[in-house]
Amino acid sequence: MMNKVKIVVAGPRGNMGKEAVKMVSETEHFSLVAVVDSKHEGMNLSEIEGFHGIDAPVYIDMQKCFEELDVDVLIDLTAPAFGRKHMEIAFANGVRPVVGTTGFTDSDISELRAIAEEKGLGAIIAPNFAIGAILMMKFSQLAAKYLPDVEIIEQHHDRKLDAPSGTAIKTAQLISEVRAEKAQGHPNETEELQGARGADFEGMRIHSVRLPGRVAHQEVIFGGEGQTLTIRHDSINRASFMPGVKLAVESALKIDTLVYGLEHIIE
Ligand SMILES: NC(=O)C1=CN([C@@H]2O[C@H](COP(=O)(O)OP(=O)(O)OC[C@H]3O[C@@H](n4cnc5c(N)ncnc54)[C@H](O)[C@@H]3O)[C@@H](O)[C@H]2O)C=CC1
Ligand SMILES: O=C(O)C1=N[C@H](C(=O)O)C[C@H](O)C1
């Protein structure tokens with residue numbers, strides 16, 4: 001019989017963490033061995049509202065969790081301030097991190113990749129796990145070859161801590177691989193209100209909308225002579241991310257470096 005993949009979920013009570021706990025518990029070849037939370041140390045997850053029947057010890061101290069248990073993969077869905085630290089703890093304990101948490105800088109990614117390779121451990125940082133969002137990014141990269149004037153509008157719920165979203169940054173990075181830096185708009189334009197033109201990524205503007213009622217949405221709008229092209233993706237619930245999380249866990253077990261972005265896994 002195949003050994004189950006032993007998984008710890010960090011951030012189990014969050015929007016994403018709840019779905020991840022459910023997905024891991026319902027996946028035949030996955031086993032939820034513990035959760036790392038910001039409270040409830042020493043309790044069992046099954047005692048916490050919403051997790052009835054899901055048996056897993058709760059730790060606050062990730063290091064202690066990895067010292068006490070045999071763990072293959074950490075799924076981290078916490079907050080931008082903790083993603084990097086959690087990955088370092090995972091690597092130090094021989095655990096492969098699969099991280100949806102946003103907020104990584106370019107240098108974070110290259111330094112973490114060096115640790116992954118030194119340890120020979122697979123790791124995935126995915127700014128967006130939804131397959132449709134990966135396709136949106138790939139289609140946008142293709143479109144930018146032909147239509148280099150582009151602006152990104154991302155919309156999220158108003159509990160989101162970071163702006164612009166990890167997905168918007170990743171989209172801009174993918175576009176910048178095929179598009180030379182380009183100032184857009186009128187050369188003499190001014191902002192009458194600071195921020196009116198959005199964030200500037202190599203001349204590409206990124207606009208972040210935060211509203212209750214939204215989940216995760218992004219439009220990439222291209223403009224050319226007499227035409228526009230809009231590529232849009234909507235996640236209307238967090239279940240939309242789970243097939244990607246599952247694929248990332250399976251993939252992290254087969255590689256020995258850090259992969260940034262599921263577009264490298266879904267060819
Ligand atoms: N890659 C992807 O597809 C997606 C990524 N995200 C990202 O995932 C992260 C979490 O998003 P949400 O679930 O919406 O946030 P949330 O705020 O609903 O949940 C975060 C949870 O993490 C817990 N937490 C915070 N610090 C912690 C720590 N040090 N140790 C353990 N637990 C800790 C909080 O108590 C909370 O329960 C964000 O960075 C978000 O941008 C969100 C949706 C999709
Ligand atoms: O915070 C969220 O909700 C999301 N965060 C990720 C991001 O910053 O791109 C992924 C998705 O957009 C939802």
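Select Lys 39. The UniProt annotation "binding site", from an unreviewed entry, covers Lys 39; such annotations may be inferred rather than shown by experiment. Lys 39 sits in the loop between strand 2 (30-36) and strand 3 (58-59). Strands are DSSP E runs of at least two residues, helices H or I runs of at least four, numbered from the N terminus. Lys 39 counts as exposed because 9 other C-beta atoms lie within 10 Å (exposed means 12 or fewer, with C-beta atoms placed from the backbone).

This is a predicted model: local features need pLDDT of at least 70, side-chain atom pairs count only at pLDDT 80 or more, and totals for chains, interfaces and linings use all residues. Residues are numbered from 1 along each chain as its sequence is written, while chains are lettered from A and ligands numbered from 1 in the order in which they are written.

Next, ligand 1. Among the 24 residues around ligand 1, Gly 11, Gly 14, Asn 15, Met 16 and Gly 100 come nearest (a residue is near if its C-beta atom, placed from the backbone, lies within 6 Å). Helix 1 (residues 15-26) gives the most to this shell, three residues. The shell has eleven nonpolar, eleven polar and two charged residues. Asp, Glu, Lys and Arg count as charged; Ala, Val, Leu, Ile, Met, Phe, Trp, Tyr, Cys and Pro as nonpolar; the others, Gly among them, as polar.

Move to ligand 2. The residues surrounding ligand 2 include His 156, Lys 160, Ser 165 and Thr 167. By class, this shell has two nonpolar, six polar and one charged residues.

Finally, colour by domain: domain 1 is 5-125 + 239-264, domain 2 is 131-236, with bounds from an automatic or database assignment.

Key. Buried ≥ 20, exposed ≤ 12 C-beta atoms within 10 Å, placed from the backbone.
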